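I am opening my notebook on this model and shall write down what I looked up, entry by entry. The cut-offs go beside each term where I use it.

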Amino acid sequence: MKFLQRCSDTAGLHIHLTVRPGTGGDSVAVIEGAHRRLAKESGRPDFSEQIVLLDADRIQQDIRQGRDARAAASRYGFKVILQQPNLEGLLLRLCPGQERRHVAPEKALTELRKHWPQYRKPPTAQELYERFDLGDLRRVAQHDPAFRELLDILEL
């Protein structure tokens, strides 16, 4: 999200993104952690949207285990945006010419490293900014409805 803030700033848009890293664990645990963190923050401003980015491959695992992240998100007023199939798969599609690629979650990291050999998880906002730009985001959004929804919310 810090990367998205920099893209917004570069585009001259006037939005402010408040970013909180996820707690890890299954998707429901991430949602519940976000809710607890926001509940603890006193004096926080009203947000026009509260978005949680989740890996799509984890959602399927969670459902098989009887955990429903979308229901939890709805309870707490979060909008869920799924990264297809996961963060590495999304980053692969940001690489030029790869925007239509859909790889299996277990192959996403290997495929990404073919285009970004130095990639280390998790990437910093600076690494993302040096590698990708708003044009890359918009190119991927043309082929990914969930990502397009995120850019629409952010007015990018």
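Is arginine 58 exposed, partly exposed or buried? I find it partly exposed, with a relative accessible area of 29%, where buried stands for under 20% relative accessible area, exposed for over 50% and partly exposed for what lies in between, computed with a 1.4 Å probe on protein chains only.

**Entry: ground rules.** I keep in mind that this is a predicted model, in which local features need pLDDT of at least 70 and side-chain atom pairs count only at pLDDT 80 or more, while totals for chains, interfaces and linings use all residues. Residues are numbered from 1 along each chain as its sequence is written, and side-chain values use heavy atoms, with hydrogens and water left out.

**Entry: salt bridges.** I took a salt bridge to be a side-chain nitrogen of Lys or Arg within 4 Å of a carboxyl oxygen of Asp or Glu, and by this rule I count nine salt bridges. Arginine 58 is joined in one of them to aspartate 62, at 3.6 Å from N to O. The two are four residues apart in helix 3 (residues 56-64) and therefore separated by about one helical turn; helices here are DSSP runs of H or I with at least four residues, numbered from the N terminus.

I then looked up aspartate 144 and arginine 93, whose salt bridge has its closest N and O atoms 3.0 Å apart. This pair links distant parts of the chain, since aspartate 144 is in the loop between helix 8 and helix 9 and arginine 93 is in helix 5, 51 residues apart. Aspartate 144 counts as buried at 4% relative accessibility, and arginine 93 as buried at 1%.

Salt bridges with shared partners join Glu99, Asp136 and Arg139 into one network.

**Entry: cysteine 95.** Where does cysteine 95 lie? I find it in the loop between helix 5 (87-94) and helix 6 (105-115), and at 1% relative accessibility cysteine 95 is buried. Leaving aside neighbours within four places in sequence, cysteine 95 is in contact (heavy atoms within 4.5 Å) with Leu112, His115, Phe132 and Arg139.

**Entry: nonpolar cores.** A nonpolar core is here a set of buried Ala, Val, Leu, Ile, Met, Phe, Trp, Tyr and Cys residues joined through side-chain atoms within 4.5 Å. The largest has 27 residues, of which Leu4, Leu91, Phe132, Leu137 and Phe147 touch the most other members. Two or more residues each come from helix 1 (2-10), helix 5, helix 6, helix 8 (134-141) and helix 9 (145-153). I also recorded a second, separate core of 15 residues, which includes Val30, Ile31, Ala56 and Val80. Not counting residues up to four places away in sequence, phenylalanine 147 touches Leu90, Leu137, Val140 and Ala141.

Entry: Phe3, Leu4, Gln5, Cys7 and Ser8 are buried in helix 1, and what covers its buried residues includes helix 7 (125-131), helix 8 and helix 9. After helix 1 comes glycine 12, whose phi is positive, near 80 degrees.

For aromatic pairs I used rings of Phe, Tyr and Trp (its six-membered ring) with centres within 6.5 Å, calling planes under 30 degrees apart stacked, over 60 edge-to-face and the rest tilted. How many aromatic pairs does a search of the whole structure find? It finds three. Phenylalanine 3 and tyrosine 129 form an edge-to-face pair, 6.4 Å centre to centre with 70 degrees between the planes, and this pair links helix 1 to helix 7 across 126 residues. Phenylalanine 3 is buried at 7%, whereas tyrosine 129 is partly exposed at 25%. The ring centres of tryptophan 116 and phenylalanine 132 are 5.7 Å apart and their planes are at 80 degrees, so this pair is edge-to-face. Both tryptophan 116 and phenylalanine 132 are buried, and Trp116, Tyr119 and Phe132 form one aromatic cluster.
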